[in-house]
Amino acid sequence: MNISTHTHKILHTVIIFCFLLSACVSGNNDNRQVFSFNINEGVSTLDPAFAKSQATIWTSHQLYNTLVETDSNLNIVPSLALRWEVNDNRLIYTFHLRNDVYFHDSEAFLNGKGRRLVAADIAYSLGRIINKATASSGAWIFNNRVDSLHPFTALNDSTFQVKLIRPFHPILGILTMPYCSIIPREVVEKYGKDFRSHPCGTGPFQFGFWDEGQALVLHKNPQYFEKDTQGAVLPYLDAVKISFLDSRATEFLAFQQGQLSFLNDIDPSFKDEVLTKAGELRKDWQGKIVLKKHAYLNTEYLGILVDEKNAIVTSSPLKIKLVRQAISSSINRKKLMMYMRNSIGFAAEGGFVPAGLPSRNAESVKGYPYDPAKARRLLKEAGFENGNNLPVITLLTIPTYADIGSFVAKQLEETGFKVQVEVIQKSLLLEQTAKSKASFFRGSWIADYPDAENYMSMFYSKNPAPPNYTRYKNPAFDELYEQALLENNDSVRYQLYREMDQLVIDDAPVVPLYYDMVVHLVNKNVEGIRLNALNLLELRWVKISNKK
């Protein structure tokens, strides 16, 4: 296809897309505050019990609330709960609820009007997650953590309790997850499995319509309970319009033409057009759009299977710690970030836990700066001087990261390794890592909740894969991990996290590559987007101005 024909096809798609968006909100009015964005992969469900993908998490976050939430600095703050307390043995968390929260209107309610939220709704919603009949992808969040008989109890309409099996400090973080969104029993029972397309929550936006694969429209919730610091009712926006263009080229052109309010991340094919190698806007874009960047709780890494009982490990040189350390010393992460990522992210020369968490592992844990001489020395100590007698090792990766895989392979070859990069589909890689069939693989870990424990759980020997994809086992680590779960003093717990992280880095079952960064390209007329390290799309405080 020649460039001219390709451009015309993209323009044609954008024209259809723009027509669709203009029809999405009835009563078209220039004064309406409408925020538009695109989700390439589409949305599979609006039921928060299945809020596993970013697409579902972002839409759930607009429709629902949780008991508590994280602010832009990752502090746990009230949402549906006004306050809470923990008993002396730290097994019972008691939440006191707001009394001014109402569900969105639904035909399932009397006269179609949304009723007030009560504690029984919390108990129902959280209980639904662990109910096997629901088959929620989030059922694991409460596994071996909450009491098996009475995990969730409504003491009265405004008081709710969670009962744990043993102390688990990150439970508040877990309760901020979209899986823990609060929904009404009546609506779920009326629609059954079709609740996925008839959502009802208490969030700042309520369901408008959903043409699957085409567009999703959410309208302002006129009964929303939150107010800004001046006492004005949130949200400011009248509507949110979501398109599902699967072509990143079409999406980018729509953004250029002002049909999208923002872009999440920059497709690799456009990053050099928009960004300098230092990660700033090129001159052609300055003054036209706004670039927003923020630390993201995601660590990109190479994983190495270390279960010595596994046949593919016993025959691999990767079972030797010195070899794994040599791999980590061979990679120039700063060069990778500049040339492969346009400085979007931070070179992972510290711990496995990324930048942005209060335990500050990324800064305090000693990792592996680029040192090819050290890598060659480590290989020599392992019995593979100059790479002699080293068999070919295969690095499994997915298409999106094929270029990074090639970069890593070249770096390793310079210190004596022989590397073959095998590009496979993401679903196959996930299957192979879950079944311990991948000895050397590219991976990423995005935080489920804002606590370093979520990263350290990947290396606790009693955890299966996932999350322990490398099958790492170290009794000293396990002891520190169990100690951290019982520790209520933040500074002491953070020190334990750093000690655990150092053990992992020293044993090298993983090779951290970089700590990720949230990147948003935002139109100039959008105000009030708040970035956070979990990359939640916060639209409560967003305004659309008339300035161009």
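The protein chain averages a pLDDT (the predictor's confidence in each residue, from 0 to 100) of 92, and 94% of the residues score at least 70. Over residues 1-28 the pLDDT is below 50, yet this stretch has 35 contacts in the model beyond near neighbours in sequence; contact means heavy atoms within 4.5 Å. Where pLDDT is low, the predicted coordinates should not be read in detail.

This is a predicted model: local features need pLDDT of at least 70, side-chain atom pairs count only at pLDDT 80 or more, and totals for chains, interfaces and linings use all residues. Residues are numbered from 1 along each chain as its sequence is written, and side-chain values use heavy atoms, with hydrogens and water left out.

Start with the open sheet. Its four strands follow the order S4-S5-S7-S6, with antiparallel pairing. Strands are DSSP runs of E, at least two residues, and helices are runs of H or I, at least four, numbered from the N terminus. Two strands pair if DSSP finds at least two bridges between them. S4 (81-86) and S6 (152-156) are the edge strands, each pairing on one side only.

Now take S5 (residues 92-97). Five bridges link S5 to S4, where Arg83 stands opposite His96. These two strands form a hairpin with five residues between them, and Arg90 in the turn has a positive phi of about 60°. Five bridges also join S5 to S7 (residues 159-163). Here Phe95 has Phe160 as its bridge partner, and Thr94 stands opposite Gln161.

Helix H3 (residues 119-130) lies across S5, S6 and S7. H3 runs at about 170° to S6, with axes fitted to C-alpha atoms, for helices over the stretch in contact, and angles from 0 to 180 degrees between N-to-C directions.
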